[in-house]
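Student: Here is a model to go through. Could we take it piece by piece, with the cut-offs stated as we go?

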Amino acid sequence: MADSNRLTTTAGAPVPDNQNSITAGAYGPVLLQDYQLVEKLAHQNRERIPERVVHAKGWGAHGILKITGDISRYSKASVLQAGKETEMIARFSTVAGELGAADHERDVRGFALKFYTDQGNWDLVGNNTPVFFLRDPYKFPDFIHTQKRHPRSNMRSPTAMWDYWSLSPESLHQVTILMSDRGLPKTPMNMNGYGSHTYSLWNDAGERYWVKFHFKTMQGHEFYTNAEAAEIVGRTREGYQEALFGSIEAGEFPKWKFCIQVMDEADAENMPFNPFDLTKVWPHGDFPLIEVGELELNRNPDNYFAEIEQAAFSPSNIVPGISFSPDKVLQSRIFSYADAHRYRLGTHYEALPVNRPKCPVSHYHKDGLMNFFGHSAGSPDAFYEPNSFGGPVQDEAAAEPPLRVSGDAARYNHRVGNDDYSQPRALHDLMTQEQRARLYSNTAEAMQGVPQEIVDRALGHYDKINPAYGNGIRSALANLAGHREAAE
Ligand code: NDP
């Protein structure tokens, strides 16, 4: 038998029998010395790792980012220079559903990208929406509790969702997108991706620019209605996996146009809105999209668990020429994403093949559970820094320009002085009559079973966005009530 075809234990010894356990006599009992059986059963007990608290259900593929535009005046990052091609991996996801949730549910979609650049991994961990439900990280655990199961009923709770949203008007912009056609894309290929946060770029001269990242689908926006999605979920819960995996297997590689919006550093002070507020977009009219390149997904993973379940994206992964901004929610994610991976995957999660940078890695973080990468700092005597044994040292050339801050450290009320209505109004008003009708009916459907006082509180906000929006939802609610009565 060829060595490569021989079944072995995980220690490499040949397995003579993978069908019959070793017993004392023909009927048993089983002997503890049957280590191959013990190993098999023990491995099965450990086949699951904690699922992500959010974005548990996902689909992903490998691909390439090609840069065509010249934005060297904004960024020195090698990954962003014209002509550059960088291998990458993408993972799309729903936010609320657990690992086994159906793909075609109305939800925001995660749009996470890891670029294996020659200066380290750059991760852009965004969504298919340019904004989010909140602007202060204190709100994130509370918001996610409303999306997950009720502690007593263990069911999803529309009451919790609308109670929270109606008490948090900064969420209205994102809720409008969620209840619009974009809240239920047909496939991962039919949606845009956004970095969502404001990040920064910095150039060779040490000048910083604020930036928004956009990936615009080249397959076109396509969506399902709630009724169409319910019918699909009745047939398959894996519609996104089938679409993405199937398309790439068939050689049809999905693509996105990569664009940025840029704001001069000093201009942030003079904006009529806070440009670091995650519930706000930068209007295209003031900050036109600059085309930078193209993203293509062209290779399915060979092992879903190893390459997608273990893929660990974190906004903390930046490279020289790309950096953070004062966005408070981004600041919190710099901590919380890497922390989630240490919990789910272990201390050395970035050494796993899918997460490992494709450039040289030299650090002193060696001990801890599962060091399987040996000693990468050259001499074995160089296990601390500074040392006299040729170990890795800092490179001052990678230092970024200082992030300018002003004002006192304090808790600023994030609801004071913020206009939560104008941008959802702009979005509502650009929709066609048909799109608005679906927005109203999707919102009304999502409100079913919610106490009237909470619905009324939410409608008060919709009236402030545009009375037509509030009234549209009222009529859709009345329609649903009429249908219910007719059915009873
Ligand atoms: P524009 O008219 O220049 O841009 C409108 C944007 O809205 C387009 O990018 C379009 O995307 C997108 N859009 C259309 N329908 C929907 C929908 N149902 N859900 C989400 N996005 C949709 O106007 P402004 O830049 O002044 O923005 C107006 C409003 O558009 C904003 O308040 C915001 O809600 C929304 N928007 C703005 C974005 C931005 O970065 N400025 C990005 C996405 C949405 P596409 O071109 O792909 O059709």
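Tutor: This is a predicted model, so local features need pLDDT of at least 70 and side-chain atom pairs count only at pLDDT 80 or more, while totals for chains, interfaces and linings use all residues. Residues are numbered from 1 along each chain as its sequence is written, and side-chain values use heavy atoms, with hydrogens and water left out.

Student: Which residues make the nonpolar surface patch of about 340 Å²?

Tutor: Like charges are joined within 9 Å, and nonpolar side chains (Val, Leu, Ile, Met, Phe, Trp, Tyr) within 5 Å. Areas come from the Shrake-Rupley method with a 1.4 Å probe, and for residues only the protein chains shown count as cover. The patch is made by Leu32, Tyr35 and Val38.

Student: Is glutamine 36 buried or partly exposed?

Tutor: Glutamine 36 lies in helix α1, where helices (H or I, at least four residues) and strands (E, at least two) are DSSP runs numbered from the N terminus. Buried means under 20% relative accessible area, exposed over 50%, and partly exposed in between (1.4 Å probe, protein chains only). Because its relative accessibility is 28%, glutamine 36 counts as partly exposed.

Student: How many bridges join strand β3 to β4?

Tutor: Two strands pair if DSSP finds at least two bridges between them. Strands β3 (residues 109–117) and β4 run antiparallel, and they form a hairpin with two residues between them. Phenylalanine 111 stands opposite glycine 126 in β4. The number of bridges is eight.

Student: How many residues of strand β4 are buried?

Tutor: Strand β4 covers residues 120–127 and is mostly covered. Of its eight residues, the buried ones number eight.

Student: What is the distance from the backbone nitrogen of glutamine 219 to a polar atom of the side chain of threonine 217?

Tutor: Threonine 217 lies in strand β7 (residues 208–217), and it counts as buried because its relative accessibility is 12%. A polar contact is a pair of N or O atoms within 3.5 Å; within protein, one must be able to donate a hydrogen and the other to accept it, and residues adjacent in sequence count only if both atoms are side-chain atoms. For glutamine 219 and threonine 217, the distance is 3.0 Å.

Student: Which residues does serine 171 touch, not counting residues up to four places away in sequence?

Tutor: Serine 171 is placed in the loop between α3 (158–167) and α4 (172–179). At 0% relative accessibility, serine 171 counts as buried. With contact taken as heavy atoms within 4.5 Å, the residues that serine 171 touches are Phe133 and Trp165.

How values were computed:
Patch = residues over 30% accessible without salt bridge, like charges linked within 9 Å, V, L, I, M, F, W, Y side chains within 5 Å. Salt bridge = Lys/Arg side-chain N within 4 Å of Asp/Glu carboxyl O.
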